[in-house]
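Open the model in your viewer and switch to a cartoon view.

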Amino acid sequence: MDLQLTDKVAIVGGGSDGLGYAIADRLLEEGARVTIFARREAKVTAAVESFAQRYGEDRILGLAADCADAADLDRVTAATIDRFGPAVHVLVTNDGGPPVRRISELTDDVWGQALARHFFYVVRSVRATLPYMTAEGGSILNVVSGIVQRPAVGMAASVAVWSAVIGYAKTLALEVAQDDITVNTLLSGYFDTALLGRALERQPELSREGLGRGVPLGRIGQPQEFASLAATLVSPLSRFVTGIVAPVDGGSSIGSGASFDSPHASK
């Protein structure tokens with residue numbers, strides 16, 4: 001199915017690996033022109049080289065930039081306009097997550113970094129990009145963790161800042177609807193990314209297979225599965241969908257574990 005994204009211009013945060021990389025890859029596959037950015041220059045360079053080999057150098061721009069830095073976010077938008085023209089059609093906000101700490105261990109500095117990197121990142125990206133969307137319409141998609149629906153010990157900063165993103169995004173959806181701009185939020189479950197791999201290294205008692213057994217579909221997700229939904233949501237075909245907060249988690253938000261007669265139950 002043609003998602004009508006050919007020659008659309010997109011900015012994807014955290015696009016050097018994980019879900020951000022998969023989303024950028026899917027948008028490029030659909031014919032979009034894409035800017036990716038992340039903090040580590042070497043990873044951005046590697047991602048750009050990979051994309052350029054498959055889709056052409058003229059359709060990909062990579063920048064080393066920190067989502068917690070307002071000037072960096074302005075620079076990303078300016079560079080995108082300079083490279084691809086005067087319109088931005090898609091903005092995908094995506095980054096890792098705050099540190100896992102108990103509430104008693106969350107200092108003001110930790111809270112400040114969490115807000116800058118995960119809430120103000122969204123606010124500032126929208127502020128920098130929105131003027132270039134209003135003429136032709138567009139889509140804003142926020143990627144946050146599904147932990148916001150299932151609070152856990154040590155995840156207070158994540159739950160708090162992503163709850164703020166969700167509230168902001170819903171209100172933004174109302175304000176920009178008149179300009180034919182949609183705003184949606186996807187809540188990610190367990191996906192087979194480098195971020196998950198690093199978490200498993202810190203917790204050797206866990207495994208991908210073990211986590212998958214707690215998912216109703218019996219496995220963790222692949223980044224491409226998340227990216228396919230993301231690309232559909234930001235495409236012109238989904239212009240009547242706005243303000244939603246949707247889990248992409250194999251059914252984990254409904255409940256956990258497999259049924260007794262499921263083929264996954266005995267694994």
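This tour of a predicted model goes from the sheet to the helices and then to the cavities.

**Stop 1: the sheet.** Select the strands. Seven of them form an open sheet in the order S3-S2-S1-S4-S5-S6-S7, and the pairing is parallel. Colour S3 (60–64) and S7 (245–248): these strands stand at the edges with a single partner strand each, so one side of each has no neighbour in the sheet. Looking along the sheet, the twist averages 15° from one strand to the next.

Stop 2: Zoom in on S1 (residues 9–13) and S2 (residues 33–38), which pair in the parallel sense over five bridges.

Stop 3: Select H4 (residues 108–129). Helix H4 lies across S1, S2, S4 (90–93) and S5 (138–145), and runs at about 165° to S4. Next select H5 (residues 156–176), which packs on the sheet and touches S5, S6 (181–188) and S7. The direction of H5 makes about 160° with that of S6.

**Stop 4: H3 against H4.** The axes of H3 and H4 come within 9 Å and cross at roughly 35°, and the crossing is right-handed. On the H3 side, show Ala70, Leu73, Asp74 and Thr77; on the H4 side, show Tyr121, Arg124, Ser125, Ala128 and Thr129. These contact residues divide into four nonpolar, three polar and two charged.

**Stop 5: the cavities.** How many cavities of 30 Å³ or more does the structure hold? There are two cavities of that size.

The largest cavity has a volume of about 70 Å³. To find the largest cavity, select its lining: Thr93, Asn94, Asp95, Gly96, Arg117, His118, Tyr121, Val122, Val143, Val144, Trp162 and Val165. By class, the lining of the largest cavity has six nonpolar, four polar and two charged residues.

The second largest cavity holds about 40 Å³ of space. Select Ile11, Phe37, Leu73, Val76, Thr77, Leu91, Ser125 and Thr129, which line the second largest cavity. H3 and H4 are the elements that give two or more residues to this lining; H3 gives the most, with three. The lining of the second largest cavity divides into five nonpolar, three polar and no charged residues.

Technical notes: Residues are numbered from 1 along each chain as its sequence is written. This is a predicted model: local features need pLDDT of at least 70, side-chain atom pairs count only at pLDDT 80 or more; totals for chains, interfaces and linings use all residues. Side-chain values use heavy atoms; hydrogens and water are left out. Two strands pair if DSSP finds at least two bridges between them. Helices (H or I, at least four residues) and strands (E, at least two) are DSSP runs, numbered from the N terminus. Axes are lines fitted to C-alpha atoms, for helices over the stretch in contact, and angles run from 0 to 180 degrees between N-to-C directions. Contact means heavy atoms within 4.5 Å. A crossing is left-handed if the near helix is turned anticlockwise from the far one by less than a right angle, and right-handed if clockwise. Ala, Val, Leu, Ile, Met, Phe, Trp, Tyr, Cys and Pro count as nonpolar, Asp, Glu, Lys and Arg as charged, and the others, Gly among them, as polar. On a 1 Å grid over the protein atoms alone, a cavity is a set of points where a 1.4 Å probe fits but cannot get out, and a pocket is an open set with protein on both sides within 12 Å along at least five of seven lines; lining residues have an atom within 4 Å of a point. Grid points are joined across faces, edges and corners, and a volume is the space filled by probe spheres set on the points.
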